[in-house]
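User: I would like to learn how to read strand pairing and aromatic contacts in a model. Could you take me through them one at a time?

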Amino acid sequence: MNKKLIIVSFILIAIIAGIIIYFSFLKYDKKAFSEKFKTEEAIETFKIYIPSSTSLVTKEVYLQKDELELKNLEKILEIFLLELPSPLKETKILGIYRDKENIIYIDLSKNFAAPQSMREEYFVIKSLYKTLKENFTWIKDIKILIESKEIETLSGHISIESSLKEVMEES
């Protein structure tokens, strides 16, 4: 009788231990699944428009979304600049500012104002405008600053003194 009691007790303990182990792993898997889902949910698709000699080329990029809109804008702008031809691709972002009317001021290094033809200048401005405006619909207008100063043109052809919206929506 004692042997039967010991065997039954042992079997019960083994079953209870198995149930505890099973549910602890199940809880861990749910946690891992929910963490994976949160990470996947936070990834967002952005379109970048890259200037070519005759048009704009679209490229999709996937980034982890940041809570701060200007951080997302800065990440997209960094990727955009890397896609440009030299010397434009060496451009550094000196600052990005947003006023209360949702006008974005982008302060760039002097590399962005490198000499180029009228067509090249147009496509660079258009690709920058379209990349930011389509990914961030809250933007009302964009102003480009070079070394913290307002400039008339990037390369002497297209006036960007007032705003990019005026230039891009006219053409």
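Predicted model: local features only at pLDDT ≥ 70, side-chain atom pairs only at ≥ 80, totals over all residues.

User: Which residue of β4 is the bridge partner of Tyr97, and what lies between the strands β3 and β4?

Analyst: Strands are DSSP runs of E with at least two residues, numbered from the N terminus, and two of them pair if DSSP finds at least two bridges between them. Here Tyr97 is bridged to Tyr105, while four residues separate β3 from β4 in the hairpin, with Asn102 in the turn at a positive phi of about 65°.

User: How should I read an aromatic pair, and how many does the structure hold?

Analyst: A pair of aromatic rings is described by the distance of the centres and the angle of the planes. Rings of Phe, Tyr and Trp (its six-membered ring) pair if their centres lie within 6.5 Å, with planes under 30 degrees apart counted as stacked, over 60 as edge-to-face and the rest as tilted. The structure holds three such pairs; one of them joins Phe136 and Trp138 edge-to-face, at 6.3 Å centre to centre and 65° between the planes.

User: Which charged end sits over the ring of Trp138?

Analyst: A charge sits over a ring if NZ of Lys or CZ of Arg is within 6 Å of the ring centre and within 35 degrees of the ring normal. For Trp138 it is the charged end of Arg98, 3.8 Å from the ring centre.

Terms used
Residues numbered from 1 in each chain as written. Heavy atoms only, no water.
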